[in-house]
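Subject: Structure handover

Hello,

Here is the structure for you to look over. My notes on what turned up in it follow below.

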Amino acid sequence: MPISPLTSAELYLPSLLSSLDAKVKSTKSLNPLDKIVGQERAQSAVEFAMSMQDKGYNIYAIGRNGLGKRTMVMRYLDRYDPGLHHPLYDWCYVVNFTDARTPKVLQLPQGKGAQFKKDIEELMKRLVKALPLAFDNEIYYTRADKLKAQLASKQEAALNKITKEAAAKHISLSITAQGSYELLAMNGDEPHSEATFAALSHKQQQTLENNISEIESKLREVVRKFTAWEERYSDQQQKHDEQVAQDVLVHLMDPLKLSYADYPVIKAHLHDMHKDIIENLDIFLEQNEEQVALAYASMQKKMPRRYQVNVLVNQADKTMPIVVEESPNYHNIFGYIENATFKGTIFSDFSLIRPGSLHRANGGVLMIDAIKVLEQPYVWDGLKRALRSRQLSLSSLEREVTLSGTISLDPEPMPLNVKIILFGDYQTYQLLQHYDPEFKELFRVTADFEDEMPRTAQSEALYAQFISSIVRGNKMLHCDRGAIKRIIEFSARQADSKHKLSLHSADIANLLREANYVAKSSNANMIRVSHVEQALYNHELRVCRLKDNVMQSFVDGTTLIDTANKVVGQINALSVIATSDHQFGVPNRITATTAYGEGAVFDIERKVDLGGSIHSKGVMILTAYLATLFGQTDKIPLSTHLTFEQNYGGVDGDSASMAELCAILSAFSGLPLRQDIAITGSMNQFGHAQPIGGVNEKIEGFFDVCTIKGRSDSQGVIIPQANVQNLMLRADIVTAVNEGRFSIWAINHVSEAIELLTDIACGERDFEFEDYPPQTVLGIADKRLQKLRQHAKQQAKKAD
């Protein structure tokens, strides 16, 4: 039975939008989707991970770029209610009054952080004014003067007593201008000179010296008492100052403490702050200008730095934090501590702690690109450490990577409750699985995104809504019904199947943007099918330079090709050339020559290292099939040399194995092959045709070359039957097939290709007589091989 070519209806499946209401004339009437179509599996994985509060249920989202992974996750998280699972908190850093080097973290209820900071600033604003005023009034001065007068009176009385006692013993006690004491022996009203003292008897001299020593001893005792009295005075003055400050603080802080009575963390901090202010009144009373200036050095407000509240994370908007980190370096992820300079002094404190993405995402979700994380030094290890401990330690990167003992802050770790979503490809996922044993424990959920979805009437309707989402989200012109159909057909072509739709949303969005540009350029009020076609043509024109160069080689005859007549041992195979953003099909001439030998097939491409391993496997498979056909009882007495003509680059893949087998059989039998037919498809060891990739591009490539070399109605392409489902061909090819000017045959076995290419039956082995029918391709080839075998035997007898 002759093989019938495919009908034009089998080459392209148009979109009918049969499930879409006929009243819908454009995307303007369609509600945009709030989800990504076709990703139910991935969405289920995300939902599961978000519901699991145990450690390690973080997500690795797998899929190619442009599938809308991030968009899908964001849309789901926008609808996610965190209140059902865990509360959100504000996070603040405050000074640790017992050890300023280890700032304390405050976990406050959602929205309280900013209010607490504002209340403290207001308190400080009032204290800065109230405390100096409390120490600058008559009551304070009167009390202070009284204490000072009491001390002076006591000191004066002690000095007067010892002065009188000294005078009774003819000794003068005086105080120098420097504040030191001086004892002098007196001669009446005048101090003794050296001469008058020498004139005294030894006994008188000894008496005076003893008296001076006695008075000096008593004087030292009085001086010691002075010191004790001064200390007592200082303590009394300090208590007085503290009492004054206490009165001010009680008046100003007690209402604040009362308002935060239900928050133990804040209450404890206010208590410690109260105590610290009493101990550091000099900050407010400005007794040391340099110290006070440094204490107030701030880039924000005029208040002592020591009592500021550093609100690291403010969750006032009441929604779960969703953070997308585009640049995941160490500081951006884990935060950092700034240094400030004031009058040449470099300092750092808790108020200079800056948050990272993990701080902002605490209680929510942090989304990062996996490759970017792995590219940044120390980030992956730090991320794993934080997820393992469920704590976020803010240590400087410099201290992590050096042996320096530089003094720096060591803030209290922050409790961490976050979901990490890594976006990456399969290769990165496999590398992490293989080389990092902790990866499986920390990222237990895999969200595997599909590349395509089944194409049904219902899915086409959903896809139309998806198109509406893109149009509305980018504020484009709306698409009419014809444009929607054409975009859906383009999606099927991108999926390389008429029964599937591509989920690569970036391609659809780019096409819509370009079609929108074309429509606006022509002053249209809507995107129509002509605008979509023009956008596709414009894109093809931008990326097809290599294709044009290759096709030009067929025009000027640089690349040899026949698209008519018949030739022995020569066939047109089809291949695909791909660049980063474009792929196209090109015919390749394959030739096979034979010589007397032992049945080996020499793959010239492999011999010169131009053939890949998959191509070599295809050659070995067809060699095995040849042995099945002709080597059941004896060796095949021919060796074959097989090559891709004019191939100066690498070749790989097994999609030419059926073409190579046909060329070998032509060389064996001497029967010419049709050059107006090209063939693509691989085969197994039993000769069955196997599907290949890029079938649309391959057919279009041969059609274009036929147009260049001269069209004839007999031209066509042979493809595997399994590739019929992939056909979404260009309109000009569909038209040519419909008008009988081009043919496409789908085959299940290589024997069908042989019959089409030779116009002769292939032939089947008669196992009773162990031979093929004589007027078939295999029969003719077998007959020739038998003659060669007989000739070999005759030559062997002569040799004997």
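Which helices and strands each supply at least two residues of the lining of the largest pocket? They are α18 (481–494), α19 (505–521), α20 (529–543), β22 (583–596), α25 (695–709) and α26 (731–738). Please keep in mind throughout that this is a predicted model.

The largest pocket

The space in the largest pocket comes to about 1600 Å³. Its lining is made of 46 residues, and the closest to the centre of the pocket are F490, R493, Q494, L536 and E540. Helix α20 gives the most to this lining, with eight residues. By type, the lining of the largest pocket divides into 18 charged, 15 nonpolar and 13 polar residues.

Cavities

Searching the whole structure gives three cavities of 30 Å³ or more. The largest cavity holds about 140 Å³ of space. It is lined by 13 residues, of which K55, N58, L387, R390 and V418 are the closest to its centre. Five residues of that lining are nonpolar, four are polar and four are charged.

Two parallel pairings involve β16. Strand β1 (residues 59–62) is joined to β16 by four bridges, and the two run parallel. Within that pairing, I59 stands opposite I421. Strand β13 (residues 365–369) is joined to β16 by five bridges, again in parallel. There, the bridge partner of M367 in β16 is I421. The bridge partner of Y60 in β17 is T446. Strand β17 (residues 445–448) has one covered face, formed by V445 and A447, and one uncovered face, formed by T446 and D448.

The three-stranded sheet

Elsewhere, three strands form an open antiparallel sheet in the order β3-β2-β7. The edge strands are β3 (104–109) and β7 (310–313), each of which pairs on one side only. On average, neighbouring strands of this sheet are turned by 35 degrees against each other, direction ignored. Strand β2 (residues 89–94) is joined to β3 by six bridges, and the two run antiparallel. In this pairing, Y89 stands opposite P109 of β3.

Two helices pack on the sheet. Helix α3 (residues 112–134) touches β2, β3 and β7, and its direction makes about 115 degrees with that of β3. Helix α7 (residues 264–279) touches β2 and β3, and its direction makes about 135 degrees with that of β3.

Regards

Definitions and conventions: Residues numbered from 1 in each chain as written. Predicted model: local features only at pLDDT ≥ 70, side-chain atom pairs only at ≥ 80, totals over all residues. Heavy atoms only, no water. 1 Å grid on protein atoms, 1.4 Å probe; cavity = no way out; pocket = protein on both sides within 12 Å on 5 of 7 lines; lining within 4 Å. Points joined across faces, edges and corners; volume = space filled by probe spheres on them. Nonpolar A, V, L, I, M, F, W, Y, C, P; charged D, E, K, R; others polar. Pairing = 2+ DSSP bridges. Axes fitted to C-alpha atoms, helices over the stretch in contact; angles between N-to-C directions. Contact = heavy atoms within 4.5 Å. Buried < 20%, exposed > 50% of the residue type's maximum accessible area, 1.4 Å probe, protein only.
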